[in-house]
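Please walk through this protein with me, one feature at a time. Keep the sequence and the 3D view side by side.

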Amino acid sequence: MKIQTPDWVKQAVFYQIFPDRFAKSEPPAGKFCRQPGGGWQPEQLEPWDAPPTLQGYKGGNLWGVIEKLDYLQDLGINAIYFTPIFQSACNHRYHTHDYYQVDPILGGNQAFMALLDAAHQREIKVVLDGVFNHASRGFFFFNDILENGPNSPWVDWFLIENWPISAYDGSKLANYIGWANNRSLPKFNHDNSAVREYIMQIAEYWIQQGIDGWRLDVPYCVETPGFWQEFRQRVKAINPDAYIVGEVWKDSRQWLDGTQFDGVMNYLFTGPTIAFTAGDRVKMELVEHHEYYPYPALDAAGYAQKMQNLLNLYPWEIQLTQLNLLDSHDTARLLTICGEDLATIELATVLLMTSVGSPSIYYGDEVGLPGGDDPDCRRGFPPENQWNQSVLKMHKELIKLRRNYQCLQIGDYEIIGSQGMVYVFARTCPEESILVAINCGIESAIKSFSIRGEFKPNQRLYGQGQISCQDNQINLTLPPRSAIICI
């Protein structure tokens with residue numbers, strides 16, 4: 001079977017937005033939007049710059065995102081991944097109330113359609129977060145069960161174990177299955193054909209409205225045979241170029257066979273990249289409870305082995321549409337993980353922008369926004385006077401390289417060598433070749449590596465150091481904690 005993945009994803013630089021925290025603005029109709037589906041601006045909000053809390057809202061909305069599209073375009077972003085935007089009674093919106101209504105605090109359906117049009121006018125793709133493993137206690141079908149018990153017509157939509165069910169009183173047995181034993185997240189019964197059809201129609205509806213793909217929350221929890229195969233078939237029947245990316249933190253071969261997802265959130269890239277670039281700077285208390293293992297510290301040879309293992313894991317067409325990231329709404333931010341060591345941020349971002357797969361930036365990382373574990377990793381996007389301009393400049397330069405050179409998007413990946421803390425690789429295609437060398441050590445490095453054929457670096461694209469080639473050998477001189485990119 002020939003595997004096909006969307007070509008636009010291979011050329012994309014994603015920007016992940018947590019909608020409550022990125023930007024806010026009043027809707028065109030004013031503070032209290034009177035247009036149907038236009039949303040509503042709440043009054044009881046946390047201060048934007050106050051430390052975020054688990055349950056508080058800061059009031060970010062899609063009208064604010066529209067105003068930030070020029071900023072994102074200038075940064076070089078051409079795809080946005082939104083964490084959930086549908087109606088929900090929580091700031092992160094993974095507790096879905098209504099899959100057909102954009103949350104009124106975000107501006108409702110009216111704001112989203114305006115955003116979708118504005119993004120597409122700028123050739124920016126939009127991917128939404130699909131929470132299809134579970135719903136919420138406020139989801140109408142489950143709420144009907146709370147009201148009517150075993151007499152509800154929707155009893156078989158969820159996994160009820162006994163009666164009475166207890167959705168709120170923790171002193172009593174829940175008597176139904178919730179995701180991760182969380183009674184606020186009742187799990188769908190995916191073996192029920194009506195549930196299956198309901199979810200498929202949601203996926204189809206928003207693709208028909210013009211979204212460019214789905215990021216799937218905890219899809220590994222849906223174990224009904226054939227579910228994700230049907231999901232792909234029905235989504236791709238409407239838009240063959242729709243991107244389907246799953247949140248799977250580990251080996252994902254069972255979903256990346258070409259019949260289900262186009263890629264996953266590539267934490268198998270994240271962990272080793274942090275372990276190599278941050279090394280012993282990693283604050284273990286921020287990472288040891290997660291599944292992506294940015295520890296123990298790796299030298300160049302260890303990193304090379306991890307990358308080669310990853311490249312061997314999936315078909316090449318799938319490798320090109322993995323969603324690579326350094327952090328997300330589910331992890332502490334890399335800046336805080338590495339003790340605010342800016343060299344780590346630069347080295348990791350170099351690898352993010354030059355490796356196989358589509359890079360994704362978590363909102364605020366590009367201006368030096370720190371953040372510990374949830375909810376601290378979900379701070380409000382800072383005002384311009386608090387941006388780290390050097391970090392922003394670095395991101396713009398590296399994003400521009402990623403966008404400008406085809407070999408960084410679809411080129412072969414060849415590990416040239418690894419010595420000590422120096423890692424060297426090349427991205428090549430018939431038209432061009434780019435060589436990337438990174439020294440993660442605290443001392444200057446002078447290294448030589450054998451290469452096949454001839455490589456003549458004729459232009460430095462980024463970074464510091466010296467590079468020369470002679471007799472099928474590359475000679476490198478790299479300052480401490482530095483990188484060089486040559487074409």
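What volume does the largest pocket have? The answer is about 810 Å³. Of the 33 residues that line this pocket, the closest to its centre are His92, His95, Trp179, Asp374 and Arg378. Its lining has twelve nonpolar, twelve polar and nine charged residues.

A word on where this comes from. The model is predicted: local features need pLDDT of at least 70, side-chain atom pairs count only at pLDDT 80 or more, and totals for chains, interfaces and linings use all residues. Residues are numbered from 1 along each chain as its sequence is written, and side-chain values use heavy atoms, with hydrogens and water left out.

Now the terms. Rolling a probe the size of a water molecule over the atoms shows where empty space is left. A pocket is an open set of points on a 1 Å grid over the protein atoms alone, where a 1.4 Å probe fits, with protein on both sides within 12 Å along at least five of seven lines. Lining residues have an atom within 4 Å of a point. Grid points are joined across faces, edges and corners, and the volume is the space filled by probe spheres set on the points. For the classes, Ala, Val, Leu, Ile, Met, Phe, Trp, Tyr, Cys and Pro count as nonpolar, Asp, Glu, Lys and Arg as charged, and the others, Gly among them, as polar.

Next comes the second largest pocket, with a volume of about 270 Å³. Of the 17 residues that line this second pocket, the closest to its centre are Leu268, Pro272, Tyr292, Tyr293 and Lys306. Helix H8 (267–277) and helix H9 (300–311) each supply at least two residues of the lining. (Helices, H or I with at least four residues, and strands, E with at least two, are DSSP runs numbered from the N terminus.) H8 gives the most, with five residues. By class, the lining divides into twelve nonpolar, two polar and three charged residues.

Turn to the charges. How many salt bridges does a search of the whole structure find? There are 26. A salt bridge is a side-chain nitrogen of Lys or Arg within 4 Å of a carboxyl oxygen of Asp or Glu.

Take Asp103 and Arg93, whose closest N and O atoms are 3.0 Å apart. Asp103 sits in the loop between strand S4 (96–102) and helix H4 (108–121), and Arg93 in the loop between strand S3 (86–88) and S4. The two are ten residues apart. Both are buried. Buried means under 20% relative accessible area, exposed over 50%, and partly exposed in between (1.4 Å probe, protein chains only).

Glu197 pairs with Arg234 in another salt bridge, with the closest N and O atoms 2.8 Å apart. Glu197 lies in helix H6 (residues 193–209) and Arg234 in helix H7 (residues 227–238), so this bridge ties together parts that are 37 residues apart in sequence. Glu197 is partly exposed, at 29% relative accessibility.

Asp262 is buried, with a relative accessible area of 0%. Lys236 is buried too, at 14%.

Now look at two helices. Where H3 (residues 62–75) meets H13 (residues 389–404), the axes come within 9 Å and cross at roughly 65°. Axes are lines fitted to C-alpha atoms, for helices over the stretch in contact, and angles run from 0 to 180 degrees between N-to-C directions. Tyr71, Asp74 and Leu75 in H3 meet Leu392, His395, Lys396 and Ile399 in H13. Contact means heavy atoms within 4.5 Å.

Finally, check the backbone. The peptide bond from Trp163 to Pro164 is cis, with omega near -5°. Another cis bond joins Asp374 and Pro375, with omega about 10°. Asp374 is also among the residues closest to the centre of the largest pocket.

Which phi value does Asp471 have? Its phi is positive, about 55°, although Asp471 is not a glycine. Asp471 lies in the loop between strand S16 (466–469) and strand S17 (473–478). It counts as exposed, at 70% relative accessibility. Asn472 lies in the loop between S16 and S17, and its phi is near 55°. Asn472 is partly exposed, with a relative accessible area of 42%.
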